[in-house]
Amino acid sequence: MAITAHRRGDAVGVGLRLPHLAEVVTTRPAIACLEVHPENFLANPHATELLTDLARHYPISVHTVGISIGSADGIDRTHLQRLRAFIDTIDPVFVSGHLAWSTNQGEYLNDLLPLPYDNEALNTVTAHLIEVQDGLGRPYVVENPSTYVAFAASTMTEVQFLNELVRRTGCGLLCDVSNVYLSAHNMAYDPYRFIDGLPAAAITELHLGGFTPEEDEATPGGTLLVDTHASTIAQPVWDLYEYAVGRFGQKLTIVEWDNDIPPLTTLLGEAARAETVTAHAFSLHEASPRAGAS
């Protein structure tokens, strides 16, 4: 399946959360794209009606939190059918979700839980991802997770796991730059090498969001970065984002903010900064051949 975007699907947008829905409908802010969690709309007909209207004016990206591709129990086919009906109505530029699991014996957990990176997990995720793509009738884009623990049973790195998943399924990848930075901090690896290891041709989308430093109880004096989406984006993440844009090119970028949600203007300001960083990354890229030739 070819992965393409349309209607300015390579620009910068924001995550549209329900507290901002009426304001966006009323004011129609100058933003290139909106991303939604479909689970916020599937049981809310009025919100879906408003979003359907917005979809006539903005590209919409759909970012799922209920498709648990890492669950050993398999895919919830009822939820998959509901999601298919939703995306057929909205016609999003992308449909994405997490490399994680969040269901067990029919119960949905309010968390995105990690996987071991081994062949058994790879086979499970591959089978589920193929089922999801077939059920949706389009490619599914997989996001790298925020990481706080590692499994001793893992036999490959996260980058190797993602590369093999792309090779087996043809899926796209959503590079959450903030997740790369905080996972690299938490797990003590180089975030720039992580970016270098991803298959550039598979990257369709980028995410940015705030994190919260917390005391690392396992390491006295240490700090754990937690993916809270509750603050502005930290400067080291902006630096890594500029590097990612230089490596992957301009991709649809979404600024996320899910907790302690600020006024919409704050979110739009972060998106404007992402556009500025993108422009700077491209100016550096254009200047480097001339610098090398001189």
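Reader: How many helices and strands make up the secondary structure of the protein chain?

Author: The protein chain has nine helices and twelve strands. Helices (H or I, at least four residues) and strands (E, at least two) are DSSP runs, numbered from the N terminus. The radius of gyration, taken over C-alpha atoms, is 19 Å, close to the 19 Å that the globule rule gives for 294 residues, so the chain is as compact as a globular protein of that length. That rule is 2.2 Å times the number of residues to the power 0.38.

Reader: Where does the model come from, and how are residues numbered?

Author: This is a predicted model, in which local features need pLDDT of at least 70 and side-chain atom pairs count only at pLDDT 80 or more, while totals for chains, interfaces and linings use all residues. Residues are numbered from 1 along each chain as its sequence is written, and side-chain values use heavy atoms, with hydrogens and water left out.

Reader: What does the C-alpha trace span along its principal axes?

Author: The trace spans about 55 × 45 × 40 Å. Buried residues make up 50% of the 294 residues; buried means under 20% relative accessible area, exposed over 50%, and partly exposed in between (1.4 Å probe, protein chains only).

Reader: What share of the contacts comes from residues 24 or more positions apart?

Author: Among contacts with a separation of 6 or more, such residues account for 79%. Contact means heavy atoms within 4.5 Å.

Reader: Now the charges. How many positive and negative side chains are there?

Author: There are 16 positive and 36 negative side chains, and the centres of the two sets lie 10 Å apart. Lys and Arg count as positive and Asp and Glu as negative, with His and the chain ends not counted. Each charge is placed at NZ of Lys, CZ of Arg, CG of Asp or CD of Glu.

Reader: Let us turn to Thr-253. Is this residue buried or exposed?

Author: Thr-253 counts as buried because its relative accessibility is 0%. Thr-253 is found in strand 12 (residues 252-256).

Reader: Which residues does Thr-253 touch?

Author: Not counting residues up to four places away in sequence, Thr-253 touches Ala-11, Val-12, Gly-13, Leu-206, Leu-208 and Tyr-241. The side chains of Thr-253 and Tyr-241 are also joined by a polar contact of 2.9 Å. A polar contact is a pair of N or O atoms within 3.5 Å; within protein, one must be able to donate a hydrogen and the other to accept it, and residues adjacent in sequence count only if both atoms are side-chain atoms.

Reader: What about Asp-260, buried or exposed?

Author: Asp-260 counts as exposed, at 65% relative accessibility. Asp-260 has a positive phi of about 50° and lies in the loop between strand 12 and helix 9 (264-293).

Reader: Last one: where does Arg-138 lie?

Author: Arg-138 lies in the loop between helix 4 (119-136) and strand 7 (141-143). At 19% relative accessibility, Arg-138 counts as buried. A polar atom of the Arg-138 side chain lies 3.1 Å from the backbone oxygen of Pro-92.
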